[in-house]
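Student: I would like to learn how to read salt bridges in a protein model. Could you take me through them step by step?

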Amino acid sequence: MANVLCNVENEIATVTINRPKAMNALNEDVISELGVIIDDISKRKDVKIVIITGAGDKSFVAGADITSMQMMTPAQAKNFALTTHKVFCAIERMPQIAIAAVNGFALGGGCELAMCCDLRYAADSAVFGQPEVGLGIIPGFAGTQRLPRLVGKAYAKELIFTADIIKADEAYRIGLVNKVVPKDELMAFCVKRAETIKSKAMFAVSIAKAAINEGMDVDADTSYRLEAEKFGMCFSSPDQREGMTAFIEKRKPNLTDF
Ligand code: CO8
């Protein structure tokens, strides 16, 4: 695939949005290729972590492609948004853990792509923003929904209403990113985090991801029931027996299940 690259090594898939001349802007081809890649990865047992990043050294993703949106009709714009929602939801819901390695501009659809990942690590040169209202539109790849869930309504409204572009340290301060690291250390840091996660029981990590995501969108009582159900599911995994037996036998667990 030309617009999105995928490289799997040591159970970690690195997915690179690859339109550096257009700052990795997302057009329909990129979204379609990304959808195919995520669909494939989500069925693979040999991939435990997915790191999403942008090609080149300036941009993660500078938004949806403005040139291709310029003449869209309302119906076409809605369709583009719906198609992209499907792909971003697939990232959010896949059993693997998704890490956004934000290596530069994360604007509009780029910030929205980072937000559908489970974890966001940013280069110190990265910037974030939802500049859509300056273009006469609103965030349409679920930014109006995921941003307030991540940083709270007040910061989300301020960012969206003003179209302010914020630096990585401010994104960290408001909880939009998990950590900021020097730019040339970003990928190594993401791989290190990936190694830590995949050394755990991935069946449990994956169930924890689903519990957090699904529980955030229902009432409290339903979320507690949902957790109990998923907690019970862990006891169907060999890793639960092995993890607990290893603790009791004072040895390292041999965790394999996914
Ligand atoms: N779309 C299309 N092309 C882009 C985009 C973009 N989002 N961003 C950059 N490019 C292109 C530029 O046009 C330029 O192309 P060319 O070389 O052919 O002139 C090339 O990338 C390099 O860009 P610049 O020369 O501008 O590079 P700078 O380093 O000077 O600036 C910036 C980089 C700051 C990233 C600047 O390019 C910029 O402001 N880009 C637009 C950022 C933006 O507004 N993003 C939000 C887009 S809207 C959106 O994401 C909505 C999501 C929801 C959609 C809902 C579906 C309908």
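Student: How many salt bridges does the structure hold?

Tutor: As a general idea, side chains of opposite charge can pair when their charged atoms come close. This model is predicted, and the structure holds 14 salt bridges.

Student: Which residue forms a salt bridge with Glu-11, and where do the two partners lie?

Tutor: Glu-11 pairs with Lys-198, their closest N and O atoms being 3.2 Å apart. The pair links distant parts of the chain, since Glu-11 sits in the loop between strands E1 and E2 while Lys-198 belongs to helix H8, 187 residues apart. Glu-11 is partly exposed at a relative accessible area of 27%, whereas Lys-198, at 12%, counts as buried. Both residues also take part in a network of salt bridges that includes Lys-48 and Glu-195.

Student: Is Arg-19 buried or exposed, and what is its salt-bridge partner?

Tutor: Arg-19 is buried, as is Asp-65, and these two residues form a salt bridge whose closest N and O atoms are 2.8 Å apart. Here too distant parts of the chain are linked, with Arg-19 in the loop between E2 and helix H1, and Asp-65 in the loop between strand E4 and helix H2, 46 residues apart.

Student: Which helices hold Lys-230 and Glu-214?

Tutor: Lys-230 forms a salt bridge with Glu-214, with 3.4 Å between the closest N and O atoms. Lys-230 lies in helix H10 and Glu-214 in helix H9, so the pair ties together parts that are 16 residues apart in sequence. Lys-230 is buried, with a relative accessible area of 14%, while Glu-214, at 38%, is partly exposed.

Terms used. Residues are numbered from 1 along each chain as its sequence is written. This is a predicted model: local features need pLDDT of at least 70, side-chain atom pairs count only at pLDDT 80 or more; totals for chains, interfaces and linings use all residues. Side-chain values use heavy atoms; hydrogens and water are left out. A salt bridge is a side-chain nitrogen of Lys or Arg within 4 Å of a carboxyl oxygen of Asp or Glu. Helices (H or I, at least four residues) and strands (E, at least two) are DSSP runs, numbered from the N terminus. Buried means under 20% relative accessible area, exposed over 50%, partly exposed in between (1.4 Å probe, protein chains only).
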